Structures are given as C-alpha cells and as structure tokens.
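Dear colleague,

I am passing the structure below on to you, and I would be glad if you could read the notes that follow with the model open beside them.

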Amino acid sequence: MTEENSGINQKTRKRKRENRRGRRRGDGSSIEQTSNSEKVKPPSSTSAPAEKLSSKTSAASSFLEKMKARLSGGHFRMLNEKLYTCTGEEALDYFKGDPALFDVYHAGYQEQMSHWPEQPVNIITKWLKDHSPSLTVADFGCGDARLARNVKNKVYSLDLIAKDPSVIACDMSDTPLKSSSIDVAVFCLSLMGTNYPSFIQEAHRVLKPSGWLLIAEVKSRFDPSTGGADSNKFSKAICDLGFTSVSKDFSNKMFILLYFKKKDKEKLKGNEIKWPELKPCIYKRR
C-alpha cells in the first residue's frame with residue numbers, strides 16, 4: 001500500500017470515530033454531518049420587511065381596481081354608443097338577451113353623472129314639487145326610478161328593463177299607458193334611439209290635452225357648430241306634432257331643458273314633420 005493510500009485510510013477511520021462520538025453525545029453539535037456544499041444557508045438578510053411587502057400588496061390591489069374601473073368604463077361606453085345608434089325596439093331586444101348588461105350600463109351612467117355639477121332630474125323633481133301632487137307623470141327612460149321616489153305624484157316609470165318592481169319594461173315608442181291619461185311626460189336624458197321622434201309621438205298620445213312635456217338633454221347634442229341639431233328646428237318639430245313651446249333653459253353648461261304643453265284638439269301633420277337628427281352623445285375616455 002502506498003503512503004498516499006495509507007493516509008487516506010487513516011483520515012477515513014478518524015472521521016468515522018468522530019461521527020460515532022457525535023452520535024453518542026446526541027447533540028449533533030461537535031461534528032458537522034454535511035459537506036460545505038450541503039450546508040443549509042440561513043435566511044437572507046436582504047428579505048423585504050413586512051411593511052414593504054404590505055406596500056407592494058396595496059399597490060397591486062390599487063392597480064387591479066384601476067384596471068377593473070377602466071374595463072367597466074369601456075363596457076359602459078360601448079353600451080352607451082349602442083343605445084344611441086339603434087332603435088328603441090333593438091335596444092329592448094338587446095337587453096332582454098342579457099339583462100346583466102343593463103346593470104353595467106346604469107353603473108357607468110351613475111359614474112358619469114357624478115362628475116356633473118348639477119343633474120337635470122333634480123330640476124325636474126323641483127318643478128313637480130312646485131306643481132300639484134295630483135298630476136300623473138310618465139317618466140320615459142326612468143333608469144332607477146329616482147324621480148318616482150322623490151315626489152308625491154303618481155309616476156309611471158318606464159324603461160327597457162325593470163330592475164325595480166315599480167318600473168314598467170317596454171319600448172319607449174310603445175308603452176302600455178292609456179291614451180290621454182297622463183298630465184306630465186318626462187324625458188330626462190333619454191331620447192337615445194335613432195327613432196326618437198316615435199318616443200315623443202308616444203308621449204303625445206298618452207298626454208291629456210294641455211298636458212306637459214318636459215325634455216332634458218345633453219347640451220352638445222344641440223350645438224350646430226359641432227354637428228349637433230338646431231334647437232329651434234327641434235322645437236318646431238315638436239310644435240308641429242301638436243305642442244306649444246312654453247320655455248327653454250340653456251343656462252346649464254351640461255344640459256338644456258325644454259318645456260312644452262300639448263295643444264287641445266290639434267290635428268297632427270304626421271309625415272310632414274321634419275325631425276332633425278340628434279347626434280349620439282359619446283362619453284370620452286377618462
């Protein structure tokens with residue numbers, strides 16, 4: 001046996017004796033059982049503190065909420081454009097196919113309204129409170145039936161989908177209301193269909209003689225310089241249908257208010273009426 005092999009055998013026997021002594025003591029403290037490459041490393045001192053992890057989690061959560069809001073806003077804008085560019089009948093069929101979309105639309109609508117300094121439904125509510133509570137009201141495109149909840153009048157809330165038991169689901173051009181049964185017809189930001197004249201014709205049908213027609217609409221839809229309709233031509237068409245213009249309010253920067261009264265026993269001109277096209281109100285991405 002060479003001296004080199006003898007030295008290796010002696011080292012091996014010595015290591016075995018030391019291992020046995022370590023096992024007999026039972027504390028495992030005198031001899032390391034693993035090679036340097038197998039040693040378990042202690043936790044790194046560079047691990048992120050708890051507060052940093054919490055901050056990262058909060059930032060991630062905030063990012064996800066922003067993305068959800070952006071997706072929801074995009075969905076609302078798509079639905080909003082759909083309502084402005086189809087007929088009332090098509091809109092009714094669309095939401096009947098997936099009623100959950102109606103909730104998405106109204107959530108987005110409320111978000112948009114929250115940025116307005118004043119809302120037209122509040123002005124209409126005040127108008128009704130200043131008049132007799134005995135007046136019967138038809139709220140065309142009522143949304144969440146807010147008007148009905150805030151006045152003492154009998155209000156027929158009409159919309160495409162009935163998410164509230166008090167709402168009547170129907171096409172705005174074909175309601176179940178009886179002819180000459182209503183004192184006040186309201187369109188609050190709801191002349192959305194491409195066949196909007198048929199909505200106003202339906203209001204004329206259900207209104208009593210001398211009944212009121214109240215219209216609140218987005219102001220940009222009546223700005224000819226940006227492709228909007230001429231408000232005078234719009235009012236003339238309504239008057240040709242059988243109404244008298246009582247007053248106009250252009251003081252608000254977001255919307256206009258038009259007040260009409262139904263004429264007594266007026267013969268309708270029907271197809272002779274020239275209705276101006278109302279451009280869609282497409283909300284910008286925020």
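A salt bridge here means a side-chain nitrogen of Lys or Arg within 4 Å of a carboxyl oxygen of Asp or Glu. By that criterion, a search of the whole structure finds seven salt bridges, and some of them are described below. Please keep in mind that this is a predicted model, in which local features need pLDDT of at least 70 and side-chain atom pairs count only at pLDDT 80 or more, while totals for chains, interfaces and linings use all residues. Residues are numbered from 1 along each chain as its sequence is written, and side-chain values use heavy atoms, with hydrogens and water left out.

Two further conventions are needed for what follows. Helices (H or I, at least four residues) and strands (E, at least two) are DSSP runs, numbered from the N terminus. A residue is called buried under 20% relative accessible area, exposed over 50%, and partly exposed in between (1.4 Å probe, protein chains only).

Salt bridges

Lys163 forms a salt bridge with Asp103, and the closest N and O atoms of the pair are 3.4 Å apart. Because Lys163 lies in the loop between β2 (155-159) and β3 (167-169) whereas Asp103 belongs to helix α4, this pair ties together parts that are 60 residues apart in sequence. Lys163 is partly exposed, with a relative accessible area of 47%, and Asp103 is also partly exposed, at 39%.

A salt bridge also joins Lys208 to Asp183, with the closest N and O atoms 3.3 Å apart. This pair links distant parts of the chain, since Lys208 is in strand β5 and Asp183 is in strand β4, 25 residues apart. Lys208 counts as partly exposed at 30% relative accessibility, whereas Asp183 is buried, with a relative accessible area of 14%.

In the salt bridge between Asp144 and Arg149, the closest N and O atoms are 3.9 Å apart. Asp144 is partly exposed, with a relative accessible area of 33%, while Arg149 counts as exposed at 53%.

The nonpolar core

A nonpolar core is a set of buried Ala, Val, Leu, Ile, Met, Phe, Trp, Tyr and Cys residues joined through side-chain atoms within 4.5 Å. The largest such core has 37 residues, and those with the most contacts inside it are Ile124, Leu128, Leu147, Leu160, Val184, Val186 and Leu214. At least two residues of this core are supplied by each of α2 (50-84), α3, α4 (100-113), α5 (120-129), β4 (182-188), β5 (207-218) and β7 (255-262). The largest share, five residues, comes from α4. In soluble globular proteins, nonpolar side chains tend to be buried together.

Helix α7, which spans residues 196-206, is mostly covered, with nine of its 11 residues buried. The buried residues of α7 are Tyr196, Pro197, Ser198, Phe199, Ile200, Glu202, Ala203, His204 and Val206.

A charged patch on the surface

Glu89, Glu90, Asp93 and Asp174 form a negative surface patch. Patches are made of residues with over 30% relative accessible area and no salt bridge, like charges being joined within 9 Å and nonpolar side chains (Val, Leu, Ile, Met, Phe, Trp, Tyr) within 5 Å. Accessible areas come from the Shrake-Rupley method with a 1.4 Å probe, and for residues only the protein chains shown count as cover. Lys and Arg count as positive and Asp and Glu as negative, with His and the chain ends not counted, and the place of a charge is taken as NZ of Lys, CZ of Arg, CG of Asp or CD of Glu.

Individual positions to look at

Which residues other than glycine have a positive phi? Ser180 is one of them, with phi near 50°; Ser180 is in the loop between β3 and β4 and is partly exposed, with a relative accessible area of 40%. Leu189 is another, with phi near 60°; Leu189 is found in the loop between β4 and α7 and counts as buried at 6% relative accessibility.

Val137, in strand β1 (residues 137-140), counts as buried at 0% relative accessibility. The C-alpha atoms of Val137 and Leu213 are separated by 9.9 Å, although these residues are 76 residues apart along the chain.

With kind regards
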